[in-house]
Amino acid sequence: METALALLGGLGLGSALTQYAGYFFAEKKRLNETVYAEKREVFIGLIESLKDKDSPEGFDYYDLRVRLVASRSTIDAITNLRKTEYGSDARLEARDRLVETMRADLDLAD
């Protein structure tokens, strides 16, 4: 009888652990999807803000948002981009580096 009760208790505990593990992994997946969506939105906004060279406010806004979700390498790439002159070869190289770091942040790197 005690063995049967222990077996039933063990099955209940196993079921509870299975439920918890399922919840944990589902929650982790949801969080990863949310972070990915936020990064994608912010990165697209930053790139679109580069179109208007006469109005840096949009770029400044997205720069702040990027600092909340991006890696250190992406933040550094933005800093380097800011140091370049619009239309220069250095600007093109800095822009390409920024795109590389953003792709890495989104796990899209080659």
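**Aromatic residues on the surface**

Y20, Y23, F24 and F25 together make a nonpolar surface patch with about 510 Å² of accessible area. Such a patch joins nonpolar side chains (Val, Leu, Ile, Met, Phe, Trp, Tyr) within 5 Å, taking residues with over 30% relative accessible area and no salt bridge. A salt bridge here is a side-chain nitrogen of Lys or Arg within 4 Å of a carboxyl oxygen of Asp or Glu. Areas come from the Shrake-Rupley method with a 1.4 Å probe.

This is a predicted model, in which local features need pLDDT of at least 70 and side-chain atom pairs count only at pLDDT 80 or more, while totals for chains, interfaces and linings use all residues. Residues are numbered from 1 along each chain as its sequence is written, and side-chain values use heavy atoms, leaving out hydrogens and water.

F24 lies in helix α1 (residues 2–49); a helix is a DSSP run (H or I) of at least four residues, numbered from the N terminus. With 42% relative accessibility, F24 is partly exposed, whereas F25, at 54%, is exposed. The cut-offs are under 20% for buried and over 50% for exposed, with partly exposed in between.

Rings of Phe, Tyr and Trp (its six-membered ring) pair if their centres lie within 6.5 Å; planes under 30 degrees apart are stacked, over 60 edge-to-face, and the rest tilted. This rule gives 2 aromatic pairs. The ring centres of F24 and F25 are 5.3 Å apart and their planes stand at 70°, so this pair is edge-to-face. For Y61 and Y62 the centres are 4.9 Å apart and the planes at 80°, so that pair is edge-to-face. Y61 is partly exposed at 45%, and Y62 is partly exposed at 21%.

Key: Buried < 20%, exposed > 50% of the residue type's maximum accessible area, 1.4 Å probe, protein only. Patch = residues over 30% accessible without salt bridge, like charges linked within 9 Å, V, L, I, M, F, W, Y side chains within 5 Å. Helix = DSSP H or I, 4+ residues; strand = E, 2+ residues; numbered from the N terminus.
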